[in-house]
Amino acid sequence: MNADTTLLTKLRLPARAAHLQELRTAVRAAARQSGCDQSLTEQLTLAVNEAAMNIIQHAYGEAATGEIILEIHNNGTELVFRLLDFAAPVDHNALRSRDLDEVRPGGLGLHLIRTVMDTVEYLPPPTGVGNLLQLCKRIS
């Protein structure tokens, strides 16, 4: 992050689906504060929600004691969403979307995230922490 980056939100929440409303509210507020229109705001909200749900379902799995930290930054040209978890490190090379021609529920989160965001990166997490996902979207 550069020196001109503004932290818009930092939210720490239990890694449970029941707490995703807080995350969606924070993403919507940050997107609106950054001048995003309604359509982009909803796309960003959906993509970040999907990323958090993937953390809950796949990084933590059956564990019900995890947490997620969401940071939202604005560097003047893009919104940067960072999702940090404390689960076991995930093999990022093994993450795949399912075939889009296969008609069934689920498995489209990664495709949606990659479609909405300009960049999707797994960064080295701070020492002792599980996974750090960074999602970036250019804004005008």
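Guide: Let's start with Ala-15, which is in contact with Ile-56, Tyr-60, Gly-66, Glu-67 and Ile-68, leaving aside its neighbours within four places in sequence. Contact here means heavy atoms within 4.5 Å. This is a predicted model, in which local features need pLDDT of at least 70 and side-chain atom pairs count only at pLDDT 80 or more, while totals for chains, interfaces and linings use all residues. Residues are numbered from 1 along each chain as its sequence is written, and side-chain values use heavy atoms, with hydrogens and water left out.

Visitor: Why is Ala-15 called buried?
Guide: Buried means under 20% relative accessible area, exposed means over 50%, and partly exposed is in between, with a 1.4 Å probe and protein chains only. Ala-15 has a relative accessible area of 5%, so Ala-15 counts as buried. Its place is in the loop between strand 1 and helix 1. The C-alpha atoms of Ala-15 and Gln-57 are separated by 9.0 Å, although these residues are 42 residues apart along the chain.

Visitor: And what makes Pro-14 partly exposed?
Guide: Its relative accessible area is 25%, and therefore Pro-14 falls in the partly exposed class. Pro-14 is found in strand 1. Leaving aside neighbours within four places in sequence, Pro-14 is in contact with His-19, Gly-66 and Glu-67. Between Pro-14 and Ile-56 there are 9.3 Å in space, C-alpha to C-alpha, and 42 residues in sequence.

Visitor: How many helices and strands does the chain have?
Guide: There are 3 helices and 5 strands, and along the sequence they follow the pattern β-α-α-β-β-α-β-β. Helices (H or I, at least four residues) and strands (E, at least two) are DSSP runs, numbered from the N terminus. Of the 140 residues of the chain, 43% count as buried.

Visitor: What makes a set of residues a nonpolar core?
Guide: A nonpolar core is a set of buried Ala, Val, Leu, Ile, Met, Phe, Trp, Tyr and Cys residues joined through side-chain atoms within 4.5 Å. The largest one here has 34 residues, and those that touch the most other members are Leu-44, Val-48, Leu-79, Phe-81, Leu-83 and Leu-135. Among the elements giving two or more residues to this core are helix 1 (20–33), helix 2 (38–60) and strand 3 (78–85). Helix 2 supplies the largest share, 10 residues. Apart from this core lies another, of 5 residues, among them Ile-69, Leu-84, Leu-123 and Leu-132.

Visitor: What does Leu-44 touch?
Guide: Not counting residues up to four places away in sequence, Leu-44 touches Val-27, Ala-31, Cys-36, Leu-79, Phe-81, Val-116, Met-117 and Lys-137.

Visitor: Why is helix 2 called oblique to helix 3?
Guide: Their axes come within 9 Å and cross at roughly 140°. That angle is what makes helix 2 oblique to helix 3. Angles under 35 degrees count as roughly parallel, over 145 as roughly antiparallel, 65 to 115 as roughly perpendicular and the rest as oblique. The axes are lines fitted to C-alpha atoms, for helices over the stretch in contact, and the angles run from 0 to 180 degrees between N-to-C directions.

Visitor: Which residues make that contact?
Guide: Helix 2 brings several residues, including Leu-44, Ala-47 and Asn-54, and helix 3 brings Gly-109, Leu-110, Leu-112, Ile-113 and Val-116. The residues divide into 8 nonpolar, 3 polar and 1 charged. Here Ala, Val, Leu, Ile, Met, Phe, Trp, Tyr, Cys and Pro count as nonpolar, Asp, Glu, Lys and Arg as charged, and the others, Gly among them, as polar. Asn-54, which lies in helix 2, is 8.6 Å from Leu-110, C-alpha to C-alpha.

Visitor: How are helix 1 and helix 2 packed?
Guide: Their axes are 9 Å apart, at an angle of about 145°. Among the residues in this contact are Val-27 and Ala-31 of helix 1 and Leu-44 and Val-48 of helix 2.
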